[in-house]
Amino acid sequence: MRAFYHPDQALHDPQQYLRFGRVVAAKDLPERTARLLDALDRHGIRPEHPVECGLDPVLAVHAEGFVDFLRTAWDEWQTLPAERGPEVWPATFPYWSGRPDAGTRPPSRATGILGRLGWSLGDMSVPMGPDTWRSVLRSAETAVAGADALCGGEAAVFALCRPSGHHARTDRASGFCYLNNAAIAAQRLRERFARVAVLDVDVHHGDGTQQVFYGRDDVLTVSIHGNPADFYPFYTGFADERGHGAGGGANLNLPLPPGAAWPQFEPALATASTAIRDFGADALVVALGYDAHEADPIGILKLTSADFRRIGAAVRALGRPTLIVQEGGYAVEVIGDCLDAFLTGLRDG
């Protein structure tokens, strides 16, 4: 298996995160990548550096004004008074109508950095430091490199993306995610494959990926996640969200109750697999998070490390060219074992 990763992705080092009304230490630590690289090494996989590919693959998914904001936010933050905090962090947020037919919003009418923050950063889990943009861009390039390798004939490729991406919408960052790596990869794969499916097994609903493709019938989005009725991202991820317009029926959400373990996850995975086969996907993107693990500090499901071998085996059984895109997983002590198990299942079935 080929894999891609760039060391610049570890430069993003967030310092703060708002949880239960309190500012706490960030969860998306650079150490996560070291643990995952160790797991790849145990399988004899040496990640390649992605090549710089410019912004065109990113702009095929994201609004240009939003990308420009991410690129310049740190420099603009430096123009604020000296009492500013250590990172770019929003304090105001605009009202969102919740309309599923609404695509990318118009540019923010606020032109100053404070107003644009709330428009483009959707919550308080996406602080930006001096190296965030570099890491974000390298993460997206890693996903593009993986997609290109799949288009070139590889059967399975792993893109070790950090920061993660599946909460990022066309014009908004949130949930530790800035650019949507899985969506960028899926769009890239559409240049070679007629029908692409995205299977998201992160504990949180892939709301950004859903939004990107919600009105399209050429990309199927399937997400297995904790029930959003009382869990992030709260406002999307319900079973009745099936797509809009031409995309009707091309979105499938499989929410699970808090505390669900493999006996509940397995039938959801079987339903997801059937949907992918029925869709006739020519290629598959797996948005792979480990935060459904019972040890995860912000998860609500109870999978074990061994269960990720079963997920890998289910992906292998689908028999599609597959790009694995790294998403969440914040129990640093177990994420390497989860990836190890997943790769074993993907290899051996």
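A salt bridge is a side-chain nitrogen of Lys or Arg within 4 Å of a carboxyl oxygen of Asp or Glu. The close-up views below are taken from a predicted model, which holds 20 salt bridges.

**View 1. The salt bridge between R32 and D28.** R32 pairs with D28, and their closest N and O atoms lie 2.6 Å apart. Both partners are buried: R32 and likewise D28. R32 is also one of the residues touched by Q326, the subject of the next view.

View 2. Q326 belongs to strand β9, which comprises residues 322-326. Its relative accessibility is 1%, and Q326 therefore counts as buried. The side chain of Q326 makes a polar contact of 2.7 Å with the side chain of Y290. With residues up to four places away in sequence set aside, Q326 touches R32, L36, F158, A159, L160, C161, S164, L288, G289 and Y290.

**View 3. The salt bridge between D41 and R46.** The side chains of D41 and R46 meet with an N to O distance of 3.0 Å. D41 counts as partly exposed because its relative accessibility is 42%. R46 has a relative accessible area of 55% and is therefore exposed.

**View 4. The salt bridge between D207 and R169.** A salt bridge joins the side chains of D207 and R169, at 3.9 Å from N to O. D207 lies in helix α7 (residues 207-213) and R169 in the loop between β4 (156-159) and α6 (181-189), so the pair ties together parts that are 38 residues apart in sequence. D207 is buried, as is R169.

**View 5. A network of salt bridges.** Five side chains are shown in this view: D8, E52, R134, R138 and E141, linked in a network of salt bridges. Side chains of opposite charge can pair when their charged atoms come close.

**View 6. The loop residue P127 and its contacts.** P127 is placed in the loop between α4 (113-120) and α5 (132-151). Its relative accessible area is 1%, so P127 is buried. Neighbours within four places in sequence left aside, P127 is in contact with H12, P14, Q16, E87, V88, W89, T132 and Y178.

Conventions:
Residues numbered from 1 in each chain as written. Predicted model: local features only at pLDDT ≥ 70, side-chain atom pairs only at ≥ 80, totals over all residues. Heavy atoms only, no water. Helix = DSSP H or I, 4+ residues; strand = E, 2+ residues; numbered from the N terminus. Buried < 20%, exposed > 50% of the residue type's maximum accessible area, 1.4 Å probe, protein only. Polar contact = N/O pair within 3.5 Å; in protein donor to acceptor, adjacent residues only side chain to side chain. Contact = heavy atoms within 4.5 Å.
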